[in-house]
Amino acid sequence: MSVIAVVGAQWGDEGKGRVVDYLATDADLVIRYGGGNNAGHTVVNPHGHFKLHLIPSGIFYPATRNLLGGGVVINPPALVRELDGLAAAGFDCANFFISERAHLVMPYHVMLDQLEERERRTAKLGTTSRGIGPAYVDKVARRGIRVVDLMEPDDFRAQLHVALARIRRVVTGYFGAGGDDDELRPAIEEATDEDRIATEYLTAADRLRPHVVDGQALVDAALVDGQRILLEGQLGTMRDIDWGTYPYVTSSSPIPGGASIGAGLPAVAIDKVIGVAKAYTTAVGAGPLPTEMLDAEGEALRERGIEYGTSTGRPRRCGWYDAVAVRFSVRLAGYSSIALTKLDVLDGSERIRICVAYRDPQTGAQWTTVPASTSVYQRLEPVYQELPGWQTDTTGCREFTQLPAAAQAYVERLEALAEVPIGLVSVGPERDQMIVRGPG
Ligand code: GDP
């Protein structure tokens, strides 16, 4: 292994953190390349049960360095809380680094996230209200504040002053010049309180300073040294800003191109891309999800898979595996192999369905790829192939041949539909509950 990107092949929450935790045994450096503390990974390992929102999943290996790349957006107080939580569990995080080029999530981003979502009324995106979208908007609008600025208190105060002057004008626009009573008013006051923000962020800056580095130099030295690098994705292809179900997407690029940009290494340096796909489908937030099951079967899947958001606790939407969406992701991301997670969650199912195409009920047309139009995608119905279930506990299986024949057939069918090998099959959240099928 030299440079491996671990990318979500569906709508996010595929179990990337768990796969990175597994692969990080062999990694010298793990880099998180995009997103913020909106999503999160749950990692279960011999040290305990951890919810990570920003810190890469390699943090549990003391010899593995972990970097938040320049493509990540960072909420400093939230990051300090995460570091404190890990410190309380016995991890000093001396192996954790932050790229000075990463942008900051500010309190007014969180406030704007809530305001904008409220403005959307019936067309809500279902954001996590953590300010991630507005932070990326400021980055692209070239008025963001970066980690490097936070490290210089005078620079930070000056930039904060300018930013807040603009934000106050924006907020006035929302409420009219006089500003009126509103339930969000206290939150707005707090999110635009210059002294409070400066104190809170500069206090966090002192705590984070030992971890802040020139990320590109760190990555470059690791590459020159031939170190083993893992690039850890957030969310999945179907939420990619360019290729996902726009506008129900995240504000960054989970696909491998985003890994190169966000981590700060040449695209050609990535030797292998592992797509992580769940054995079924889940999504958080709004937007098309053709295989969604709004019935008792979907509910049962949610309970068996404990499908509730790591960061927000929101129930995830659940459905059968969507082979059309995964193949779209395969083509876009160029996976070397797929890591299939949560096969065990299907252990109780009598029969299992795979969505092999979509059908447009208006025109009768069949779709074998993902339409660009979100309104078309919303109305497409899944065309299912049905396979028998296995109704046997797979959580103890460690070899592919130990899986019940029907489970093997299911995995092989998914592999044929994805047109890429399934190299890892995960049958439980624990580190060792993994079946290695081949070189991957
Ligand atoms: P990520 O953001 O892609 O890392 O995914 P999340 O951490 O949000 O969600 C994956 C969840 O599934 C976590 O709670 C994992 O502990 C759990 N998990 C991962 N792989 C397996 C598996 O094979 N079986 C079961 N039962 N749970 C798993």
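The model is a predicted one.

Start with the overall division. The protein splits into three parts: domain 1 (2–100 + 212–276), domain 2 (104–208) and domain 3 (286–324 + 345–436). Domain 1 is written as two stretches of chain, 2–100 and 212–276. Domain 2 is one stretch, 104–208. Domain 3 again has two stretches, 286–324 and 345–436.

How do domain 1 and domain 2 meet? Their centres, taken over C-alpha atoms, are 25 Å apart. At the boundary, 25 residues of domain 1 are in contact with 21 residues of domain 2. The size of an interface is often given as the accessible area lost when the parts come together. Here domain 1 and domain 2 bury about 2000 Å² between them. Of that area, 66% is on carbon and sulfur atoms. The interface of these two domains also holds 1 salt bridge. Elsewhere in the list of charged pairs, Arg207 and Asp84 join their side chains in a salt bridge, with N and O 2.6 Å apart.

Now look at some strands. Strand S2 covers residues 29–32, and strand S5 covers residues 65–68. The two pair in the parallel sense, over 4 bridges. Within this pairing, Leu29 stands opposite Arg65 in S5. S5 has another neighbour, strand S7 (residues 96–99). S5 and S7 run parallel and are joined by 3 bridges. Here Leu68 stands opposite Ile98 in S7. In a regular strand the side chains alternate between the two faces of the sheet.

Asp26 is partly exposed, at 44% relative accessibility. Compare Ser252, which lies in the loop between strand S10 (229–236) and helix H10 (256–263). Ser252 counts as buried, because its relative accessibility of 11% is under the 20% cut-off. What does Ser252 touch? Leaving aside residues up to four places away in sequence, its contacts are Gly34, Gly35, Tyr136, Asp240 and Ile241. Asp26 and Ser252 are 226 residues apart along the chain, and their C-alpha atoms are separated by 28 Å.

Move on to helix H11, residues 296–305. Four of its residues are buried: Gly298, Leu301, Arg302 and Gly305. Why do they form one face? Seen down the helix axis, the buried residues of H11 fall within an arc of 100 degrees, so they line one face of the helix. Strand S13 (317–319) is among the elements that cover them. Just after H11 comes Ile306, which has a positive phi of about 50 degrees.

Lys278 lies in strand S11 (residues 272–278), while Glu307 lies in the loop between H11 and S13, so the pair ties together parts that are 29 residues apart in sequence.

Glu297 and Arg351 meet in a salt bridge, 2.8 Å from N to O. Glu297 is in helix H11 and Arg351 is in strand S16 (residues 351–359), so this pair links distant parts of the chain, 54 residues apart. Glu297 is partly exposed at 31% relative accessibility. Arg351 is partly exposed at 26%.

S16 takes part in one more link. The side chains of Arg359 and Glu381 meet in a salt bridge, at 3.6 Å from N to O. Arg359 lies in S16 and Glu381 in strand S18 (residues 381–388), so the pair ties together parts that are 22 residues apart in sequence. Arg359 is partly exposed, with a relative accessible area of 33%. Glu381 is partly exposed as well, with 37%.

Technical notes: Residues numbered from 1 in each chain as written. Predicted model: local features only at pLDDT ≥ 70, side-chain atom pairs only at ≥ 80, totals over all residues. Heavy atoms only, no water. Pairing = 2+ DSSP bridges. Buried < 20%, exposed > 50% of the residue type's maximum accessible area, 1.4 Å probe, protein only. Arc of directions from axis to C-beta. Contact = heavy atoms within 4.5 Å. Salt bridge = Lys/Arg side-chain N within 4 Å of Asp/Glu carboxyl O. Domains from an automatic or database assignment. Buried area = accessible area lost by both parts, 1.4 Å probe.
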